[in-house]
Amino acid sequence: MGSKIRVTIWNEFVHERGNDKMGEWIRGIYPEGIHGCLAKALAADDLEIRTATLDMPEQGLPAEVLDNTDVLLWWGHCAHAQVDDALVDRIQERVLHGMGLIVLHSGHMSKIFRRMMGTSCRLHWREAGERERVWTVDPFHPIAQGVPESFAIPHTEMYGERFDIPQDGHIVFLSWYEGGNVFRSGVAFQRDAGHIFYFSPGHETYPIYHDPNVQRVIGNAVRWAAPANGILPGRVTRQRDSLEPITTRDPMAQLDTSELHKAL
Ligand code: ZN
């Protein structure tokens with residue numbers, strides 16, 4: 001990794017281009033797309049930001065882009081199924097080698113998040129434009145730095161428990177909704193060398209990515225998820241030699257296979 005963190009903001013970019021009243025409404029909030037809004041909000045000297053969308057060649061993530069990404073942000077909703085499985089394989093591999101992954105809002109059902117979690121990632125939801133209060137339950141976590149103990153989002157889509165994610169997630173934020181539901185809205189994971197953060201606020205019909213607290217969380221998450229030692233090369237896991245003297249009890253290791261090979 002160079003001196004700057006190389007960030008790629010991936011967005012399926014479908015809702016913002018809808019040819020109906022809803023599309024028009026969303027364009028009013030995100031004229032440059034959700035990815036464009038996030039790129040502006042996150043702009044900083046320590047970040048080198050690019051955006052990628054599903055309609056681009058190789059779904060926006062050809063090797064030269066993915067292999068030069070330290071942290072990948074993912075926003076998707078209605079086009080999850082269109083993402084190539086081979087691309088999901090490549091992203092998974094890179095995360096395991098150290099690339100950070102930040103999954104936003106409806107990205108909870110994306111192929112890559114479900115692959116990394118190994119669970120269904122299902123949850124309850126309701127679109128009633130209700131109020132959400134986000135609580136910082138681990139104020140000492142790097143992603144919570146500069147974020148108030150609690151902040152409100154006036155209108156949001158409700159995401160509620162049970163959220164089917166693995167229990168090894170570290171809960172940084174917890175949300176309460178007007179309708180009474182609660183939700184683990186900011187959860188951090190590690191998968192091999194890669195850091196993963198899921199953050200739920202961000203429904204497309206409300207200006208949630210314009211909220212400075214939400215922007216702060218995502219910016220912190222980018223720095224937290226950036227690989228400290230760069231992306232690792234392919235790992236070799238075999239350890240042939242022992243640190244303590246041992247006599248192998250593996251019968252195969254005691255065979256002189258050279259005679260066998262000669263015979264073949
Ligand atoms: Zn939504």
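The legends below describe close-up views of a predicted model.

Local features are reported where pLDDT is at least 70 and side-chain atom pairs at pLDDT 80 or more, whereas totals for chains, interfaces and linings use all residues. Residues are numbered from 1 along each chain as its sequence is written, and side-chain values use heavy atoms, with hydrogens and water left out.

View 1. His105 (NE2), Glu157 (OE) and His203 (ND1) are the protein donors of the zinc ion, at 2.0 to 2.1 Å from it. Donors are N, O and S atoms within 2.8 Å of the metal (3.2 Å for Na, K and Ca); water is not among the atoms, so sites may look incomplete. The spacing of the donor residues in sequence is H-x51-E-x45-H. Histidine 105 belongs to the loop between strand S4 (100-104) and helix H5 (111-117) and glutamate 157 to strand S6 (residues 150-160), so the pair ties together parts 52 residues apart in sequence. Helices (H or I, at least four residues) and strands (E, at least two) are DSSP runs, numbered from the N terminus. Histidine 105 is buried, at 1% relative accessible area, and glutamate 157 is buried at 7%. Buried means under 20% relative accessible area, exposed over 50%, and partly exposed in between (1.4 Å probe, protein chains only).

**View 2. The surroundings of threonine 69.** Threonine 69 sits in the loop between helix H3 (63-66) and strand S3 (71-75) and is buried, with a relative accessible area of 0%. Leaving aside residues up to four places away in sequence, threonine 69 touches Arg6, Thr8, Arg94, Met99 and Ile231 (contact means heavy atoms within 4.5 Å). Its side chain makes a polar contact with the side chain of threonine 8 at 2.7 Å. A polar contact is a pair of N or O atoms within 3.5 Å; within protein, one must be able to donate a hydrogen and the other to accept it, and residues adjacent in sequence count only if both atoms are side-chain atoms. The side chain of threonine 69 also reaches the backbone oxygen of valine 65 at 2.7 Å.

**View 3. The salt bridge of arginine 6 and aspartate 70.** The side chains of these two residues meet at 2.9 Å, N to O. The pair links distant parts of the chain, 64 residues apart: arginine 6 is in strand S1 (residues 5-11) and aspartate 70 in the loop between H3 and S3. Aspartate 70 is buried, with a relative accessible area of 0%. A salt bridge is a side-chain nitrogen of Lys or Arg within 4 Å of a carboxyl oxygen of Asp or Glu.
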